Amino acid sequence: MCFKEQKALQWTRGSAFVIMFLLVLYLGGMIMSKKVAVVTGSAGGLGKGIAERLLKDGFSVMIHDISQDALTKTETELKDLGDVASFVGDVSKKADQEALVAAAVEKFGQLNVFVNNAGVEAVTPFLKIDESELERTFKINVFGTVYGTQAAAEQFIKQGTPGKIINACSIAGHEAYEVLGTYSASKHAVKAFTHVAAKELASKHITVNAYCPGVAKTKMWDRIDAEMVKADPSLKPGEPFAKFSGEIALGRYETPTDVANLVHFLASEDSDYITGQTILVDGGLVYN
Ligand SMILES: NC(=O)C1=CN([C@@H]2O[C@H](COP(=O)(O)OP(=O)(O)OC[C@H]3O[C@@H](n4cnc5c(N)ncnc54)[C@H](O)[C@@H]3O)[C@@H](O)[C@H]2O)C=CC1
Ligand SMILES: CC(=O)C(C)=O
């Protein structure tokens, strides 16, 4: 090979190396710049709707639930929408929440949004509320929200990036409803923790807000309806749901999409100047 040919070969090799290097940098940047969201309790109901919307928004999403079977089914359903992975855990256990954040970071490289969606209802006349109901409801709805917020905030601080925490509150966090005393109290506690976490974490560029749905026809409301009928035998199945949703000004019950539209906004840069807010998304039911 003559000197000219050797030079040309060297030049070609050098250029190929530079192009490969730039490509790796570009693809790496693309992967790292893709924002990552975790949604707890997202095997079904409102959480699944939120996960679906965030995937469509371009987030990589770690879905999560206590129910392995439901979670696997949902992951399969969502996988054509984008980067989705799943993690089984119990929000009421601090170690599970830390493991959830670690799994999201290991899978997708970072964390940007954490949605404390998982929650349970409790339907009992006040005089019959017992220790096990108080413990279960507060452990999942309140301890779960605190542990999720702590685990996510620790990760944002470690990354040195801003972050967004979005909690599931409820109309029951603004009003208190008969036979929903324990549930209402737990959602009032979620509201209080949303306020205080927003105040304490603002200096770290972490925002904390909540969505407060009204009456959505998920499995939760199917159970509430059944329990309300049990508590008042004069009611027929479907009547409690019809009574609650009949009071909605916009004339229809809520869908997961209605809730996901608000969470989409709270997860986006458009909400960067909003923190400590518990926003009603109820079609016109509670006004404050
Ligand atoms: N459905 C409604 O009308 C309203 C719901 N909300 C709130 O929205 C959130 C979602 O509600 P829905 O989708 O209706 O409930 P849902 O009962 O239909 O779904 C909740 C999901 O959370 C999971 N989950 C329950 N306990 C868990 C735990 N310890 N750890 C991990 N996952 C757990 C369940 O397996 C389920 O997949 C809840 O926080 C609820 O309180 C608030 C207002 C109204
Ligand atoms: C389920 C719920 O959040 C209610 C009844 O307010």
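So, Pro162: with 13 C-beta neighbours inside 10 Å, this residue counts as partly exposed. The cut-offs, for anyone who cares: buried is 20 or more other C-beta atoms within 10 Å of a residue's own, exposed is 12 or fewer, partly exposed is in between, and the C-beta atoms are placed from the backbone. Before I go on, this is a predicted model, so local features need pLDDT of at least 70 and side-chain atom pairs count only at pLDDT 80 or more, while totals for chains, interfaces and linings use all residues. Residues are numbered from 1 along each chain as its sequence is written, and chains are lettered from A and ligands numbered from 1 in the order in which they are written.

Back to Pro162. You'll find Pro162 in the loop between H5 and E5; helices here are DSSP runs of H or I with at least four residues, strands are runs of E with at least two, and both are numbered from the N terminus. Leaving out residues up to four places away in sequence, Pro162 touches Phe156, His205 and Ile206, where contact means C-beta atoms, placed from the backbone, within 7 Å. Compare Ser42: Pro162 is 120 residues from Ser42 in sequence and 24 Å away in space, C-alpha to C-alpha.

One of those partners, His205, has something to show in its backbone. Its phi is near 65°, a positive value in a residue other than glycine. His205 sits in the loop between H6 and strand E6, residues 206–213, and is partly exposed, with 15 other C-beta atoms within 10 Å. Val179 also has a positive phi without being glycine, near 60°. Val179 is in the loop between strand E5 (163–168) and helix H6 (181–201). Buried or exposed, then, for Val179? Buried, because Val179 has 20 C-beta neighbours inside 10 Å.

Quick zoom out. The chain has nine helices and seven strands. Of its 288 residues, 41% count as buried. Among contacts with a separation of 6 or more, 71% are between residues 24 or more positions apart.

Now the core. A nonpolar core here is a set of buried Ala, Val, Leu, Ile, Met, Phe, Trp, Tyr and Cys residues joined through C-beta atoms within 7 Å. The largest one has 56 residues, and Ala37, Val38, Val61, Tyr211 and Val263 have the most contacts inside it. Which element gives the largest share of this core? That's H5, with seven residues. Apart from this core there's another one, of eight residues, including Ala122, Val179, Leu180 and Met228. As for Val61, setting aside neighbours within four places in sequence, Val61 contacts Ala37, Val39, Ala51, Leu54, Leu55 and Val84.

Leu71 is one more buried residue, with 22 other C-beta atoms within 10 Å, and its place is in helix H3, residues 68–78. Beyond four places in sequence, Leu71 is in contact with Ala43, Ile63, Asp65, Ser86 and Val88. Take Ser86: Leu71 and Ser86 are 15 residues apart along the chain, with C-alpha atoms separated by 7.0 Å.

On to helix packing. Two packed helices are described by the angle between their axes and the distance between the axes. For helix H4 (residues 94–108) and H5, the axes come within 9 Å and cross at roughly 40°. Those axes are lines fitted to C-alpha atoms, for helices over the stretch in contact, with angles from 0 to 180 degrees between N-to-C directions. On the H4 side, Lys94, Gln97, Glu98, Leu100, Val101 and Val105 meet Tyr147, Gly148, Ala151, Ala152 and Gln155 in H5. By class that contact is six nonpolar, three polar and two charged; Ala, Val, Leu, Ile, Met, Phe, Trp, Tyr, Cys and Pro count as nonpolar, Asp, Glu, Lys and Arg as charged, and the others, Gly among them, as polar.

Last bit, the ligands. Near, for a residue, means that its C-beta atom, placed from the backbone, lies within 6 Å of the molecule. By that rule 28 residues surround ligand 1, the closest being Gly41, Gly45, Gly119, Thr218 and Met220. Helix H2 (45–56) and helix H7 (219–231) are the elements that give two or more residues to that shell. Its classes come out as 14 nonpolar, eleven polar and three charged. Around ligand 2 we have Glu121, Ser170, Ile171, Ala172, Leu180, Met220 and Ile224, that is, five nonpolar, one polar and one charged.

Methods. Two residues are in contact if their C-beta atoms, placed from the backbone, lie within 7 Å.
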